[in-house]
Amino acid sequence: MKLPDFNEWKQRLAGYFDLSGELIPQADAEATIREGVSFRGTNIIILIIAIFIASLGLNTNSTAVIIGAMLISPLMGPIIGIGLAVGIHDFELMKRSFRNLLMATLFSVATSTVYFLISPVNEGHSELLARTSPTIYDVFIGFFGGAAGIVAIGSKVKGNVIPGVAIATALMPPLCTVGYGLATLQMTYFFGALFLFFINSVFIACATTAGVKLMKYHIKDFSNPQRAKRVRNIVYAIAILTMIPACYLTYRMYKQSNFNNNCDRFVEQQFNFDGTQVLHFSAQMKGRDKTLTVSLIGKILPQDSLTLALTDRLPQYGLAGTKLKIIQGDMPTFDYDPRKETSTMLRDMYQVTQNTINEQRLTIDSLRNRMAVFERNDTIAGAIAPEIRVLFPEVDDIALTRTVVSNVASNKLDTVNVALVSYKRKMSREQSVKFRDYLIARLSVNSITLVKCDNIAN
């Protein structure tokens, strides 16, 4: 069996991409685009209504409402008009498209600003926040969306391409977010969303220009090639300058994502302790300052040694230079607020654990106080021995202790301070009273019982 040669394969492959016979005349495609460029009457009213719908969708965090607004918005018309104008050197169409795009943008921003000024809810939701951090992916979305749009406009088979392009390129939500930023005076939202709209517009226009060239549309104005070249250079420069900050923002997004993934691995593999679990952890990266805060519940671990040991392991996970903060129990620097958790079970577990930790701490404090008393009794005899030698030379040995006395009849318990004393020679009654008073004052106790012993050591 003879295999097809390379040229035959090439011809077959090219046949799949052959547009001849499927394209409508250039005049018909131009008429459709020019009609969409105009923003007067019905178009401007539909645009304002679409902006209100999109703003409602962002305000209520409803994806379905936002998609509906994008489907009815006529905002893409002047952007495709700019791309067509650059491709066929129609400078009058270019001016008209720029003018209409500017007016449509101003109307959209003004409408969304008014809406968010009067809206009782001004909280930023995920659908709103997603329109404030453009990346290089938005460049690709705008370009390929614009490419699909111009191919659909220039072909006989429309299908669902145009509605799909309207949804994919998402021109409406960024403009609504620009209005939100103005209404709430949050410039991060304003500039981020405005840049996203600019990216989409530029690369939809660039894709349209490329599509016009590929479909070999005839150039309208041959009289001024230098002007056409200057316009193309400006378009290319704008496209490149637009990509630079988008690439930088993508790099930052990659670093943040990589940092978060490394923190996830570090916490999962290193914070495995018997009786202690990770309740919550957060990874923050602001410039060169990186912080990982881990909150633990359960058995209290030695804070300083734990932090030191785990900090030494951070470079193994690509987290060199990260500041590690470990929060245990109800430490005041613990920023976890259980009321913010959506899980009732987690909130209840946190509360029960906190109560248990507080009770354990009270018990530990009580035991520490008791241990301090025992340690004091063990050492106080040696501390006051030099004083006793001078004040009461009759005393040979002394031992101090606290003991619990149980009354046999009533079964009542009482704590008694006891001094076991052996004497070199007999102490007078008056001297013995002075010795007891001395011990009460010196030991800061209410009473003490003296017990005579012949030889304490034995």
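Among contacts between residues at least 6 apart in sequence, what share joins residues at least 24 apart? In this chain the share is 73%, where contact means heavy atoms within 4.5 Å. The structure is a predicted model: local features need pLDDT of at least 70, side-chain atom pairs count only at pLDDT 80 or more, and totals for chains, interfaces and linings use all residues. Residues are numbered from 1 along each chain as its sequence is written, and side-chain values use heavy atoms, with hydrogens and water left out.

**Overall make-up**

- The chain holds 15 helices and 6 strands. Helices (H or I, at least four residues) and strands (E, at least two) are DSSP runs, numbered from the N terminus.
- Of the 458 residues in the chain, 39% are buried. Buried means under 20% relative accessible area, exposed means over 50%, and partly exposed lies in between (1.4 Å probe, protein chains only).

**The three-stranded sheet**

- An open sheet is built from 3 strands in the order E1-E2-E3, with mixed pairing. Two strands pair if DSSP finds at least two bridges between them.
- Strand E1 (276-286) and strand E3 (323-328) are the edges, and each pairs on one side only.
- On average, neighbouring strands of this sheet are turned by 15° against each other, direction ignored. Axes are lines fitted to C-alpha atoms, for helices over the stretch in contact, and angles run from 0 to 180 degrees between N-to-C directions.
- E1 pairs with strand E2 (residues 289-298) in the antiparallel sense, over 10 bridges.
- E1 and E2 form a hairpin with 2 residues between them. Gly 287 in the turn has a positive phi of about 65°.

**Helices across the sheet**

- Helix H12 (residues 225-270) lies across E1, E2 and E3. H12 runs at about 160° to E1.
- Helix H13 (residues 303-311) lies across E2 and E3. H13 runs at about 145° to E3.

**Leu 324 in strand E3**

- Leu 324 is found in strand E3. Its relative accessible area is 8%, so Leu 324 is buried.
- Leaving aside neighbours within four places in sequence, Leu 324 is in contact with Phe 266, Phe 271, Leu 292, Val 294, Thr 307, Leu 310, Thr 311 and Leu 314.
- Leu 310 is 14 residues from Leu 324 in sequence. In space the two are 8.1 Å apart, C-alpha to C-alpha.

**H8 against H12**

- Two packed helices are described by the angle between their axes and the distance between the axes.
- Helix H8 (residues 136-154) packs against H12 at an angle of about 130°, with the axes 7 Å apart. That makes H8 oblique to H12. Angles under 35 degrees count as roughly parallel, over 145 as roughly antiparallel, 65 to 115 as roughly perpendicular and the rest as oblique.
- H8 contributes Ile 136, Tyr 137 and Val 139 to the contact. H12 contributes Met 243, Ala 246, Cys 247, Thr 250 and Met 253.
- These residues divide into 7 nonpolar, 1 polar and no charged. Ala, Val, Leu, Ile, Met, Phe, Trp, Tyr, Cys and Pro count as nonpolar, Asp, Glu, Lys and Arg as charged, and the others, Gly among them, as polar.

**Helix H3**

- Helix H3 (residues 42-60) has 19 residues. From first C-alpha to last it reaches 27 Å, close to the 27 Å expected at 1.5 Å a residue. The expected span is 1.5 Å times one less than the number of residues.
- The buried residues of H3 include Ile 44, Leu 47, Ile 51 and Leu 58.
- Just after H3, Asn 61 takes a positive phi of about 60°.

**Positive phi in two loops**

- Most residues other than glycine have a negative phi.
- Leu 185 has a positive phi, near 55°. Leu 185 lies in the loop between helix H10 (172-184) and helix H11 (187-214). Leu 185 counts as exposed because its relative accessibility is 69%.
- Lys 216 also has a positive phi, near 55°. Lys 216 sits in the loop between H11 and H12. At 69% relative accessibility, Lys 216 counts as exposed.

- Strand E4 (residues 395-406) and strand E5 (residues 413-423) run antiparallel, joined by 11 bridges.
- Val 395 stands opposite Tyr 423 in E5.
- E4 and E5 form a hairpin with 6 residues between them. Asn 411 in the turn has a positive phi of about 60°.
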